[in-house]
Amino acid sequence: MTQPNIAELEKVASQVRRDILRMVHAVNSGHPGASLGCTEFFTALYFHVLNKKLPFDMDGQGEDLFFLSNGHISPVWYSVLARSGYFEVSELATFRKLDSRLQGHPATEEGLPGIRIASGSLGQGLSVACGAAQAKKLNGDSSLVYTLMGDGELQEGQVWEAAMYAPHHGIDNLIANVDFNGQQIDGPTEKVMSLLDLKAKWQSFGWEVIESNGNDMKGLIDSLTLAKSLTGKGKPVMNLMRTDMGFGVDFMVGTHKWHGVAPNDEQLADALSQLEETLGDY
Amino acid sequence: MTKLTYTEKSDTRSGFGDGLLELGRTNPNVVGLCADLIGSLKMGAFQKEFPERFYQVGIAEANMMGLAAGMTIGGKIPFTGTFANFSTGRVYDQIRQSIAYSEKNVKICASHAGLTLGEDGATHQILEDLGMMKMLPNMTVINPCDYNQTKAATIAIADHHGPVYLRFGRPKVPIFTPADQKFEIGKALKMIEGSDVTIFATGHLVWEAIEAEAELEAAGISAEVINIHTIKPLDVEAILESVSKTGCVVTAEEHQMNGGLGDSVAQVLALNQPAPLEMVAVNDSFGESGTPAQLMTKYGIDAKNIIAAAKRVIDRK
């Protein structure tokens, strides 16, 4: 990887946050909370970390792959895909509308470039990522597979089936990431269903575990660089990424209340006033 | 038509295992996954010859479906192997989202389907799988009748791009279709020509229908027997063509009456060409422990039931 230009990446992130808020506001639905919380991650991934090829090709041979498991944070993904050249930025205006390729939760059926699997029903992405990583090995393809899960999503049993599988099969071309924001729909994860010591859990399953701050662009890129350096050593890599839900908007940050609620006109204006329009609104 | 007979019996799951082995030799993209049932699914020969393309998943079927979906990205053609109930109901959401909706080229291969699983009892005797799978958009559903047809179907589905559910079973049953057959997805096969009644049968019930036809013939009734090995897409043309001639229908399957082949045929008839229909299927009930033959008799899905249904439906014409 080349040296990251942190200031440029932060500019992108500011625009992505504007896109997220405007997309969910326009249809009065969608999931802004964790989309805002994961904006640095998606920006870092698509503008610096991933070795990606355009135009989009479903098979993705010879390039890094990314799978979003917690599909409800589609707004941040769609914005970053558009802003990094997968499709026209103007198409963001179709989010969640009839006949759109930008479905409420990511899907392949409409052929949106960048999406390789449907997600929304939680707990399935890690299995898919493991399979894609093994296909890469069979193909002699040395590029990597990334996936992102929510922390609440770790309550799904299938995640732990895949957690057990990956180290057993020596899947070491995989970097899994958890959006560790401590929130889910019904409240803080520790009240809804305790996650306890996630680091120890993943380590005991045989993963190489790192911890990062997902809302610090520089620190996050350093962590993802470290994660990359840990691949190819016989173990899958887990990045437990601390984030704040709603990061970047003062009245949304740190609460589950904005998980799946759109801002009204006033709230949107307030939020946008906190985020510089750096690349031009769609 | 020549009289259908058999000299040998085998299990349809062995047809799958042998078909998979052949595919391994001819198609380098075919990979096998199994959830701790290699012996039951007859996947051992493939595993032995192609260990680098075989994945032991452990008792984790949900993960297996996701893995298979992921492996298609990069061009692999995954064949998953486990019992039919763990291939469908247990993992329905994984199949729905990661495979069917995502249009992934996964072959879900399911053994020990239906009552003929036998002594293990109702927890394992799934009778709802065809219904669940045929409801999914993008899914092809195949239920072959004997060893040779299962082997041919296994080979054929590798060349079909898209998700497929392939259902087969445990017991040894007559081999009465040719070893050199070419399996055509969605193409119903006329096994016996007749004029008084059409019997549309699938899976293990095709042989029962053939036995029923012999007795019906002795009683002076001319029955046409058609093998519906592909439940979806259904060969509507073949169904309507036969019904135009015979004017009444019996369906026969090792499945619940709700959601099975009978439902599909009833829909075709009601929408196109209404005709009297009798369904030989399990009537809203779970199975139980017993031998396959005992269970087929008790739950009303053997040749005798087909004969009785044929006589009833002819009376309704």
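Student: What hand does the crossing of helix 3 and helix 4 of chain A have?

Tutor: It's right-handed: that is how helix 3 of chain A crosses helix 4 of chain A. Keep in mind that this is a predicted model.

Student: How do I describe two packed helices in general?

Tutor: You give the angle between their axes and the distance between the axes. Here, helix 3 (residues 39-49) and helix 4 (residues 74-83) of chain A have axes that come within 10 Å and cross at roughly 30°. Angles under 35 degrees count as roughly parallel, so helix 3 and helix 4 of chain A are roughly parallel to each other.

Student: Which residues of helix 3 and helix 4 of chain A meet?

Tutor: From helix 3 of chain A you have A:Thr39, A:Phe42, A:Thr43 and A:Tyr46, and they meet A:Val76, A:Trp77 and A:Val80 of helix 4 of chain A. By class, that contact has 5 nonpolar, 2 polar and no charged residues.

Student: On to the sheet. In what order do the strands of chain A run?

Tutor: The order is 1-2-3-7-6, with 5 strands in an open sheet and parallel pairing. Strand 1 (65-68) and strand 6 (208-213) of chain A each have a single partner strand, so they stand at the edges with one side lacking a neighbour in the sheet. From one strand to the next, the twist averages 20°.

Student: Which strands of chain A does helix 9 touch?

Tutor: Helix 9 (residues 217-229) of chain A packs on the sheet and touches strand 3, strand 6 and strand 7 of chain A. Its direction makes about 170° with that of strand 6 of chain A.

Definitions and conventions: Residues are numbered from 1 along each chain as its sequence is written. Chains are lettered from A and ligands numbered from 1 in the order in which they are written. This is a predicted model: local features need pLDDT of at least 70, side-chain atom pairs count only at pLDDT 80 or more; totals for chains, interfaces and linings use all residues. Axes are lines fitted to C-alpha atoms, for helices over the stretch in contact, and angles run from 0 to 180 degrees between N-to-C directions. Helices (H or I, at least four residues) and strands (E, at least two) are DSSP runs, numbered from the N terminus. Angles under 35 degrees count as roughly parallel, over 145 as roughly antiparallel, 65 to 115 as roughly perpendicular and the rest as oblique. A crossing is left-handed if the near helix is turned anticlockwise from the far one by less than a right angle, and right-handed if clockwise. Two residues are in contact if their C-beta atoms, placed from the backbone, lie within 7 Å. Ala, Val, Leu, Ile, Met, Phe, Trp, Tyr, Cys and Pro count as nonpolar, Asp, Glu, Lys and Arg as charged, and the others, Gly among them, as polar. Two strands pair if DSSP finds at least two bridges between them.
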